[in-house]
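Please look at the sequence and the structure while I speak.

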Amino acid sequence: MRRSCLPKCRFGRIMGWLQILLGGLVIIVSISSLFKFYAAGFFLRNEDICRHVYGVRDEYGGFDIKALSDRVGEVLNKLDSLQEKLESAVQQMEKNKDVLHTTNITKLEFKKYLEEQVIRPLYSAHISLRLIRLPNPEGVRNSTMKEEPLINTFVIEEIRKYITPKESRIGKINIYGTERIYNTIGHACVLYKKELEEYMNYDIGSYCNDDWNLAQKLMFNGCDPLPRRRCLTRASKVYQKPYPINESLWKLPDDRNVRWSNYQCRNFQCLMSNNSKRGYSKCVGCFEMEKEKLKWMITNKSLPVDFLISEILAIKPGEIRIGLDFGVGTGTYAARMRENNVTVVSTALNLGAPFNEMIALRGLVPLYVTLNQRLPFFDNIMDLIHTAGFLDGWIDLQLLDFILFDWDRILRPGGLLWIDRFFCNKKDLDDFMYMFLQLRYKKHKWVISPKSKDEVYFSAVLEKPPRAI
């Protein structure tokens with residue numbers, strides 16, 4: 001009987017030894033982490049020692065110590081969690097000694113238990129520990145920090161590879177006159193770590209997830225620009241040739257050229273304004289081409305704030321060649337300007353409907369940007385900026401201030417700013433008027449019209465003055 005008891009108790013003994021082993025491992029990792037901090041100089045308070053070792057005044061300027069500390073804490077938490085699981089398993093076996101003596105566990109079951117409950121958590125903790133990077137005190141040429149400060153914020157290796165600075169392969173200054181290329185991400189990405197890691201979790205060279213809506217959510221929340229990805233974007237499986245340019249401007253595109261999986265609708269007919277379940281609320285009616293054809297035409301001028309394209313082009317005959325349409329729509333303004341030999345880029349966001357796809361399938365150029373982003377154009381190049389249906393009375397005044405100055409940056413001297421049907425509450429009108437007038441543009445048109453009892457419309461065409469210095 002004593003012989004038969006030994007094999008039955010063997011599992012309990014193994015679990016006990018594993019508990020002791022992991023407890024020792026936690027202590028070793030803690031000591032190792034403290035040693036790394038000490039070796040890196042975190043516990044040195046003598047400035048002369050720091051300068052002697054690193055040769056710089058502030059050797060950790062810009063390095064995210066908190067992110068590093070969080071990563072070490074994450075590893076220790078994983079080890080603690082594993083130890084608690086094993087202790088709980090041992091305690092459970094102690095409570096059920098009688099059952100344990102009569103229960104045999106197969107080698108396959110024991111192997112599965114070790115793989116799932118012991119080896120995988122240990123491996124995860126091990127990888128997390130190895131991914132920790134400390135700053136190199138030697139620096140690189142003229143810089144004192146070799147590692148990107150955000151490197152210890154993220155676990156997904158693809159993000160870490162993306163944000164790590166890329167040096168010239170030949171060891172010389174690159175074409176841009178810098179020593180490294182820094183791939184950029186929005187500063188708010190650290191606040192949406194879980195979502196960004198989900199976005200960047202893919203197999204390199206395989207197909208990306210159908211997650212453009214996740215990307216757009218990150219952009220709205222300030223994680224903009226997003227990191228590039230090394231996966232293949234998905235497209236409609238039945239993509240058709242787009243219509244010729246002489247047809248595409250005023251014709252609904254083929255439904256098969258859009259991926260509809262993340263929209264409430266599954267075709268363009270579903271997006272009509274009479275459908276209450278169309279999935280979007282901005283720019284209602286934008287997908288109805290017969291109505292869109294009437295915009296900015298004499299037959300559609302219902303209010304004094306409605307200006308005609310012909311009236312605006314007449315202000316600067318022959319001078320309006322390129323422009324930007326900043327708003328929400330399907331590209332109708334750009335289409336109408338194209339008929340007048342003016343090239344217009346349209347900003348677009350897919351707010352419940354495929355606005356970007358619609359603009360592109362009409363043969364026009366969509367620019368996928370949010371309000372958070374500096375416009376990707378050089379200074380003093382645009383002849384015209386038009387805005388309608390997007391910047392309304394909801395917008396914060398300071399945000400509007402930054403946007404207006406960015407528009408001023410890209411608008412050339414003598415260029416036109418067309419504010420089209422801006423609306424706000426009457427009590428806020430003076431604040432917004434000051435925002436639009438502060439740049440001291442010349443007024444060509446300036447009209448205020450009632451929208452409702454408490455709201456007003458405002459439209460204006462303003463000319464940027466020359467500012468030669």
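I shall discuss a helix, a loop residue, several salt bridges and a surface patch.

This is a predicted model, in which local features need pLDDT of at least 70, side-chain atom pairs count only at pLDDT 80 or more, and totals for chains, interfaces and linings use all residues. Residues are numbered from 1 along each chain as its sequence is written, and side-chain values use heavy atoms, with hydrogens and water left out.

Let us begin with helix 14, which covers residues 397–410. Helices are DSSP runs of H or I with at least four residues, strands are runs of E with at least two, and both are numbered from the N terminus.

The buried residues of helix 14 include L400, I403, L404 and W407. Buried means under 20% relative accessible area, exposed means over 50%, and partly exposed lies in between, with a 1.4 Å probe and protein chains only. The buried residues of this helix pack against strand 3 (322–327), strand 6 (382–388), strand 7 (411–425) and helix 15 (429–437).

The loop between strand 6 and helix 14 contains D392. Is D392 buried or exposed? D392 is buried, because its relative accessible area is 2%. Its side chain makes a polar contact of 3.3 Å with that of K282. A polar contact is a pair of N or O atoms within 3.5 Å; within protein, one must be able to donate a hydrogen and the other to accept it, and residues adjacent in sequence count only if both atoms are side-chain atoms. Leaving aside residues up to four places away in sequence, D392 touches K282, R421, F422, F423 and F432. Contact here means heavy atoms within 4.5 Å.

I turn now to salt bridges, of which the structure holds 22. A salt bridge is a side-chain nitrogen of Lys or Arg within 4 Å of a carboxyl oxygen of Asp or Glu. One of them joins R160 and E157, at 3.5 Å from N to O. These two are separated by about one helical turn, because they are three residues apart in helix 6 (residues 157–163). R160 is buried at 0% relative accessible area, whereas E157 is partly exposed at 31%.

Another salt bridge pairs D211 with R229, the closest N and O atoms being 3.0 Å apart. This pair links distant parts of the chain, 18 residues apart: D211 is in the loop between helix 7 (193–199) and helix 8 (212–220), and R229 is in the loop between helix 8 and helix 9 (245–248). D211 is buried at 9%, while R229 is partly exposed at 22%.

I175, Y176 and I181 make a nonpolar patch of about 390 Å². Patch residues have over 30% relative accessible area and no salt bridge; like charges are joined within 9 Å, and nonpolar side chains (Val, Leu, Ile, Met, Phe, Trp, Tyr) within 5 Å. Accessible areas come from the Shrake-Rupley method with a 1.4 Å probe, and for residues only the protein chains shown count as cover. I181 belongs to strand 2 (residues 180–181) and is partly exposed, at 31%.

Notes. The expected span of a helix is 1.5 Å times one less than its number of residues.
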